[in-house]
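Biologist: I would like to learn how to read the strands, helices and rings in a model like this one. Please take one feature at a time.

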Amino acid sequence: MSDEDARRLSARTLAAQALGRIDDETRALVPPIHLSSTFIRDPDNLYRAGDVYGRPDNATVREAEAVIGALEGAAETLVLGSGMSAAVALFLGLGPGAHVVAPRAMYWALRAWLANEAPALGLHVDFADVEDLSQLERAIKPGATKLVWLETPSNPLWGIGDIEGAARVAHAAGAALAVDSTCATPVFTRPIALGTDVVMHSATKYLNGHSDVIAGALCFARDDTLSVRARDIRKAHGLILHPFEAFLLTRGLRTLDLRVRAAAANAMELALRLSNHAGVSAVLYPGLPHHPGHETARRQMQGGFGGMLSIRVRDGAEAAVAAAARVALWKRATSLGGVESLIEHRASIEGPDSPCPPDLLRLSAGIEDVEDLWRDLDRALGG
Ligand SMILES: Cc1ncc(COP(=O)(O)O)c(C=O)c1O
């Protein structure tokens, strides 16, 4: 296939064939897993093949990076040992003294790291309602702010950040924009095309999609200081993904498009039905027309609004915990983005600092039959 033909291929095609790579030596359609931790040095003391040691160099890891990079339209992509290590590598790369603006509502463990760990490492962090661009503008310190962090849709209230707007505001002040696009996935949103400098994924979620790998990814619009620093930090701190996990990640990516569209269709249908459920006081899902971020979501999410939604249970926190205890088909577990549907009383895990209301149940719609999912949920909510 010519390079021009390859450039015309859709993301779905690229992922289904893992970029069409085959193993040169065996002609295997599915490339082997490279497990070697070390590589032979040439007799003249050089490493002509390029790979030296397994911590920085692994062909199976590079395959996962190539597929994710193609999906995001990135110039440079790194996979790391978890979503947290991906985010931390990026923040550490900014260096001591850097100022960072982060959302008030975001993935709780990363918010906790920014609040509790990052200051000891020399980072200055301010939290703001970054979904409101005027508040973001006020939180930025021109010259000092190195990075603005956005998560959209944001966990677990599913607010929508305006990626193009945030990129404009950040860049005007000389800061870079990073977007946690874990829940949007490249199927629905391509943040780099909207002006983002770095896209971060907990690849544990939709990218892998089968609840059997912990992994993270950073996708860079340009191969410049940010990507070089993150790569160096991954190597220096050993924040790596094992090749077997990288292989599973590439395998999961082959069906990303199908899985994510099926989950989003289920989430949309459930959000509509739950909006009329007597046991539910509010449904938080950006696909619903009354959602405050709906118009922005329509603009920047192409083809769907994701598989994540939350509900507030009318009778309060205890009723929410009791409803989660009554499900049979939905799995009562943390995490999201797998093929199986998960339900979670979110405040129980996020603790007292969380902006998450105590009556909230977070739902990760899987790819099961929506009628089966609905019957189970409806019964658990006392329908
Ligand atoms: C939106 C989001 N970002 C980041 C993370 C952290 O990823 P990991 O658990 O792979 O470290 C998570 C995990 O739940 C998440 O939901």
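Modeller: Five bridges join β1 to strand β7 (residues 216-220), and the two run antiparallel. Residue V79 has A217 in β7 as its bridge partner. This is a predicted model, where local features need pLDDT of at least 70, side-chain atom pairs count only at pLDDT 80 or more, and totals for chains, interfaces and linings use all residues. Residues are numbered from 1 along each chain as its sequence is written, and side-chain values use heavy atoms, with hydrogens and water left out.

Biologist: What makes two strands pair, and in what order do the strands of the sheet stand?

Modeller: Strands of a sheet pair through backbone hydrogen bonds, either parallel or antiparallel. Two strands count as paired if DSSP finds at least two bridges between them; strands (E, at least two residues) and helices (H or I, at least four) are DSSP runs numbered from the N terminus. Here seven strands make an open sheet in the order β1-β7-β6-β5-β4-β2-β3, with mixed pairing. β1 (76-80) and β3 (124-128) are at the edges with a single partner strand each, so one side of each has no neighbour in the sheet.

Biologist: Which strands does α4 lie across?

Modeller: Helix α4 lies across β1, β2 (99-103), β4, β5 (176-180), β6 (198-202) and β7, and runs at about 160° to β4. Axes are lines fitted to C-alpha atoms, for helices over the stretch in contact, and angles run from 0 to 180 degrees between N-to-C directions.

Biologist: How are α4 and α5 placed relative to each other?

Modeller: Angles under 35 degrees count as roughly parallel, over 145 as roughly antiparallel, 65 to 115 as roughly perpendicular and the rest as oblique. The axes of α4 and helix α5 (residues 108-116) come within 11 Å and cross at roughly 30°, and the two helices are therefore roughly parallel. In contact terms (heavy atoms within 4.5 Å), M84, A87, V88, F91 and L92 of α4 meet A109, L110, W113 and L114 of α5.

Biologist: How many aromatic pairs are there?

Modeller: Rings of Phe, Tyr and Trp (its six-membered ring) pair if their centres lie within 6.5 Å; planes under 30 degrees apart are stacked, over 60 edge-to-face and the rest tilted. The structure holds two such pairs. One of them, F91 with W149, is tilted, at 5.0 Å centre to centre and 40° between the planes. This pair links distant parts of the chain, as F91 in α4 (residues 83-94) and W149 in β4 (residues 145-151) are 58 residues apart. Ring pairs join F91, W113 and W149 into a cluster.

Biologist: Are F91 and W149 buried or exposed?

Modeller: Both F91 and W149 are buried (under 20% relative accessible area, with exposed over 50% and partly exposed in between; 1.4 Å probe, protein chains only).
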